[in-house]
Amino acid sequence: MGAFLALALGTTMIGMMTLTLAATFGTPHPGPQRFKEALTVIAPQGFEGRPMRAPRCYPPTL
């Protein structure tokens with residue numbers, strides 16, 4: 001009985017995750033819109049009084 005219950009709950013959980021992923025495939029990606037309508041963007045100052053830079057993005061290494 002315990003094995004059947006574990007199999008049924010595992011199958012249900014996998015099915016729910018599949019349905020959740022399938023629901024996200026139909027939605028279009030809106031793209032970056034954070035500064036779309038901004039007239040002015042203000043960058044914060046660092047410790048030396050110079051504007052801070054964004055951190056570099058490196059590709060993931062395996």
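Me: What makes α1 hardly covered?

Reply: Buried means under 20% relative accessible area, with a 1.4 Å probe and protein chains only, and the count of buried residues among the 23 residues of α1 is 0. This is a predicted model, where local features need pLDDT of at least 70, side-chain atom pairs count only at pLDDT 80 or more, and totals for chains use all residues. Residues are numbered from 1 along each chain, and side-chain values use heavy atoms, without hydrogens and water.

Me: Why is Met17 called partly exposed?

Reply: Exposed means over 50%, and partly exposed lies between that and the buried cut-off. Met17, with a relative accessible area of 48%, is therefore partly exposed. Met17 lies in helix α1, a helix being a DSSP run of H or I with at least four residues.

Notes. Helix = DSSP H or I, 4+ residues; strand = E, 2+ residues; numbered from the N terminus.
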